Amino acid sequence: MADTFERVKKIVVDRLDVEESKVTMEASFKEDLEADSLDVVELVMELEDEFDTEISDEEAEKIATVGDAVNYINSTL
Amino acid sequence: MLKGKVALVTGGSRGIGKAIALELAKQGANVAVNYAGSEQKAQEVVDEIKQYASDAIKIQANVANEADVKAMIKTVVEQFGSLDILVNNAGITKDNLLMRMKEEEFDQVIQTNLKGVFLCTKGVSRQMMKQKSGKIINIASIVGVTGNPGQANYVAAKAGVIGLTKTTAKELATRNILVNAVAPGFIETDMTDLLTEEQRNSMLQMIPLERLGKAEDVAKVVRFLASEDGNYVTGQTIHVDGGMVM
């Protein structure tokens, strides 16, 4: 669980160029991390590669916070 | 000019698509030639490309079918390692006057000519976003701008392609993916060969350059957009029509 969060956090920090401290489970990609819609699409693509999984468009649309992403990934592992 | 680039040309076995595939290959690109039915013709294009010291493969796929499109793009990336240029050229016609046009005739043309562009664009956008570069060139038509009696389905699809081009250009611009349309006018192809002398002459009267275009004329504009020379051009529809529509 913690491991998934750390891996997601690293990708978010790299991709969105934000402070590590801002990337919490509760952080919203669009509101707190200033990602636009395309950034979120790209993040999902990178997460798919990192965790070697496929996230459907329907599932991806539900991912709003860092926690959403972590929980979804954990549910597929 | 395009050395090391990888291009996918849909409907690349004949006519304008074939000319585009050959032109990109001449500039050094490796080319995937998509075809729907004419395997023999696609193979001939592949063989001709290999004479230019570029690599080529042929891929059968119906662009209106998402599973086909996904498999096609996967094959291109596996074979060549990247996908830098997509030319959405595949198209069909089922002409009829509006009052006589059947629902299937309308649907089939929209499926291939418009939905096919959407599916292929969506399919390559992932790869191009990862690469942070890409060129998408949609072959529209001048009739998509002017309208044309007897082609309600085709014109609606081509006008749709122009709108899709602009939207895709705006959505993907920040990822350095450039999207443009090329709108050919009257080009000498199998289709125009069927015209009567009278029809041909009346067409010529509408063209300031007083001649029909060649498939190569279209291919050279595509090559420009696909190359670095076109790096500040996106969301545009370039008319290749001898001045017919200004």
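## A look at two chains

Asp241(B) is in contact (heavy atoms within 4.5 Å) with Ile142(B), Gly185(B) and Ile207(B), leaving aside residues up to four places away in sequence. This is a predicted model, in which local features need pLDDT of at least 70 and side-chain atom pairs count only at pLDDT 80 or more, while totals for chains, interfaces and linings use all residues. Residues are numbered from 1 along each chain as its sequence is written, chains are lettered from A and ligands numbered from 1 in the order in which they are written, and side-chain values use heavy atoms, with hydrogens and water left out.

Let us stay with Asp241(B) for a moment. Asp241(B) sits in the segment that follows β7 (237-240) of chain B; helices (H or I, at least four residues) and strands (E, at least two) are DSSP runs numbered from the N terminus. The side chain of Asp241(B) does reach the backbone nitrogen of Val245(B), at 2.9 Å.

Now to Thr165(B), which belongs to helix α6 (residues 152-172) of chain B. Thr165(B) counts as buried because its relative accessible area is 0%. Its contacts, again not counting residues up to four places away in sequence, are Asn138(B), Val179(B), Asn180(B), Ala181(B) and Gln236(B).

| Pair | Distance |
|---|---|
| Thr165(B) and Asn138(B), side-chain polar contact | 3.0 Å |
| Thr165(B) and Thr237(B), C-alpha atoms | 8.3 Å |

A polar contact is a pair of N or O atoms within 3.5 Å; within protein, one must be able to donate a hydrogen and the other to accept it, and residues adjacent in sequence count only if both atoms are side-chain atoms.

On chain A, Ser37(A) lies in helix α2 (residues 37-51). Ser37(A) has 47% relative accessibility, so it counts as partly exposed.

Finally, the confidence scores: the model has ipTM 0.78 and pTM 0.92. Mean pLDDT (the predictor's confidence in each residue, from 0 to 100) is 96 for chain B and 91 for chain A.

Technical notes
Buried means under 20% relative accessible area, exposed over 50%, partly exposed in between (1.4 Å probe, protein chains only).
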